[in-house]
Amino acid sequence: MRAAGDLVARMQISQGMRLVEAKAYVAKKLGVAVKDLTDPIIMTEVRTDLRLGTLHAGARSAKGIEAKHNIADLLDIDINCVRNFRKNTGK
Amino acid sequence: MTKILTRYGDGSAVELTESELMEDLIAGTEDAAERGNIPAMTQDEMDHLADIFKCTHRVVGVDPGYECVLSYDGAPIKMLRTNVTSDRITALQIYEKLMGADTLEMGFVDYSYKPIKPILTFEEPLMEQALLTTTAPIMYGAQPNLGRYSQPDGPFPNPAELMPMGKIKEAQESYELAVDEAVKDMVDVASSMYESGVDCILLDTVGAAGDADALAGLRTAEILREKYPDIGIEMGMAGEFVLGMHGALEYEGVRLAGLYNHQMLELAQKAGVNIFGTVMNTSTTESTPWNLARAVTFTKACSDIADIPIHANIGMGVGGVTVHDHTPIDVTSRASKALVELCNLDGL
């Protein structure tokens with residue numbers, strides 16, 4: 001969560017992607033270089049702009065399930081609990 | 001002559017000369033190669049590992065570009081076990097928001113699937129609340145733990161008592177009954193947690209009770225993959241090879257007894273597992289260079305053939321790390337760097 005490890009992990013968990021492929025996929029979706037994925041300064045800015053949740057999320061910023069809605073859309077994956085949330089809220 | 005400071009597998013300190021270091025690296029990789037019938041490390045790989053040990057820095061890290069995903073074993077359980085008074089959701093928030101964890105793992109204090117089944121009505125809403133307040137992917141983890149299915153803890157005759165009496169067939173039948181029951185319990189628990197929204201089911205410490213335990217894990221993964229095509233499944237091994245407690249059990253026509261991790265990986269992939277967790281045992285009487293050379297050799301045999309991510313278990317007594325509750329950072333950081341860089345690991 002300091003950088004992009006959770007996003008790369010999501011591609012491993014949901015798609016079984018190996019590390020190199022998962023990093024390349026996430027970097028492309030975020031519009032950054034692969035080397036930027038581990039830079040907490042760059043990634044805090046990117047995550048704030050894209051509302052993907054940050055380590056120390058401030059008031060009114062996307063956090064928890066809110067951020068996961070945006071992550072699912074950005075990475076173009078189904079996130080199980082987001083699907084449940086949408087079902088339960090009729091969205 | 002420069003001395004290399006390192007440790008034995010029990011954690012006690014030892015000084016090695018460069019030639020002693022190389023002797024231990026060669027002996028370690030050859031031991032793994034012979035046992036697993038896999039390639040030993042190349043000279044370049046051993047030189048790289050030697051450089052990691054010769055580095056005098058207290059803590060080392062991977063070269064840029066090798067950063068990988070980190071997961072944490074039974075996170076809330078570790079909090080409770082170390083006397084940190086925290087409920088499980090708070091524990092996950094601490095891992096995510098204070099430690100910056102890439103992934104989270106929810107687990108019940110009795111880290112076995114069987115005792116979780118009767119308390120699912122409490123586990124499900126807790127998981128759902130955790131998923132609302134965290135961002136990183138959450139795994140739900142527990143062990144098959146086939147020991148739970150034999151008397152006096154379970155319904156079936158105890159194979160460990162039957163075997164010394166020469167009742168081999170009866171012991172095997174007991175294991176087979178336990179597999180069927182464990183698979184039912186694991187599928188029930190995993191299904192509930194998946195339907196509550198969890199990102200990944202962790203079948204952890206698979207094979208701890210031998211080949212029957214391993215079979216239960218593989219069958220569970222296969223059923224879950226068919227039932228929920230998009231479910232995340234991680235399978236973590238209990239040891240570097242599967243003990244043949246039953247001896248004749250097979251999965252997909254392959255006898256499970258005696259399989260090393262790279263052979264279990266192939267079966268796990270067939271069963272539908274997304275992430276495979278390797279485990280290599282540490283010998284307390286050998287040096288860390290010996291243990292780590294061995295762990296690298298075994299782990300590389302997995303990583304080289306894997307179609308799915310490999311997350312090596314590194315910690316108390318596995319992955320080249322010392323058998324001690326308080327693992328020394330000089331060893332854990334070297335083991336992490338060596339395994340990630342030499343095996344192109346996807347995670348730890």
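Predicted model: local features only at pLDDT ≥ 70, side-chain atom pairs only at ≥ 80, totals over all residues.
In which hand does H8(B) pass H9(B)? The crossing is right-handed.

Start with H8(B) itself. This helix runs over residues 168-195 of chain B. It has 28 residues. From its first C-alpha to its last it reaches 40 Å, close to the 40 Å expected at 1.5 Å a residue. After the helix comes B:Gly197, with a positive phi near 110 degrees.

Now turn to H9(B), residues 211-227. Its 17 residues should span 24 Å at 1.5 Å a residue. The end C-alpha atoms are 24 Å apart, so the model agrees with that expectation. H9(B) is mostly covered, with 12 of its 17 residues buried. Among them are B:Asp211, B:Ala212, B:Leu215, B:Gly217, B:Glu222 and B:Leu224. What covers them? The cover of the buried residues includes helix H8, strand S5 (200-206), strand S6 (232-237), strand S7 (250-251) and H10 of chain B.

How do H8(B) and H9(B) lie against each other? Their axes come within 9 Å and cross at roughly 40 degrees. The two helices are therefore oblique to each other. From H8(B), residues including B:Tyr175, B:Val179, B:Met186 and B:Ser191 take part in the contact. From H9(B), the partners include B:Ala212, B:Arg219, B:Ile223 and B:Lys227. By class, the residues of this contact divide into 13 nonpolar, 2 polar and 2 charged.

H10(B) leads on to another helix pair. H10(B) covers residues 261-271. It packs with H11(B) at an angle of about 25 degrees, and the axes are 8 Å apart. H10(B) and H11(B) are therefore roughly parallel to each other. Their crossing is right-handed. Here B:Asn261, B:His262 and B:Leu265 of H10(B) meet B:Phe298, B:Ala301 and B:Cys302 of H11(B). This contact has 4 nonpolar, 2 polar and no charged residues.

H11(B), in turn, is one of the elements that H12(B) packs against. H12(B) runs over residues 329-343 and has 15 residues. It reaches 20 Å from its first C-alpha to its last, close to the 21 Å expected at 1.5 Å a residue. Is H12(B) mostly covered or mostly uncovered? It is mostly covered: 12 of its 15 residues are buried. The buried set includes B:Asp330, B:Val331, B:Arg334, B:Lys337, B:Leu339 and B:Cys343. These buried residues pack against strand S1 (4-7), helix H2 (43-54), helix H11 (288-303) and strand S10 (310-312) of chain B. Following the helix is B:Asn344, with a positive phi near 50 degrees.

The crossing is right-handed. H2(B) brings B:Glu45, B:His48, B:Leu49, B:Ile52 and B:Phe53 to the contact. H12(B) brings B:Arg334, B:Lys337, B:Ala338, B:Glu341 and B:Leu342. Together these residues divide into 5 nonpolar, 1 polar and 4 charged.

Next, the meeting of the two chains. The contact takes 31 residues from chain B and 27 residues from chain A. On the chain B side, helix H4 (88-98) and helix H6 (120-133) each supply at least two residues. H6(B) gives the most, with 3 residues. By class, the side of chain B that touches chain A has 15 nonpolar, 9 polar and 7 charged residues.

One residue of chain A shows the meeting up close. Where is A:Leu55? Its place is in the loop between helix H3 (40-50) and helix H4 (64-75) of chain A. A:Leu55 has 18 C-beta neighbours inside 10 Å, so it counts as partly exposed. Which residues does A:Leu55 touch, not counting those up to four places away in sequence? They are A:Met1, A:Arg2, B:Lys97 and B:Gly100. A:Ala22, by comparison, is 33 residues from A:Leu55 in sequence and 21 Å from it in space, C-alpha to C-alpha.

Terms used
Residues numbered from 1 in each chain as written. Chains lettered and ligands numbered in written order. Helix = DSSP H or I, 4+ residues; strand = E, 2+ residues; numbered from the N terminus. Expected span 1.5 Å × (residues − 1). Buried ≥ 20, exposed ≤ 12 C-beta atoms within 10 Å, placed from the backbone. Contact = placed C-beta atoms within 7 Å. Axes fitted to C-alpha atoms, helices over the stretch in contact; angles between N-to-C directions. Parallel < 35°, antiparallel > 145°, perpendicular 65-115°, else oblique. Left-handed = near helix turned anticlockwise from the far one by under 90°. Nonpolar A, V, L, I, M, F, W, Y, C, P; charged D, E, K, R; others polar.
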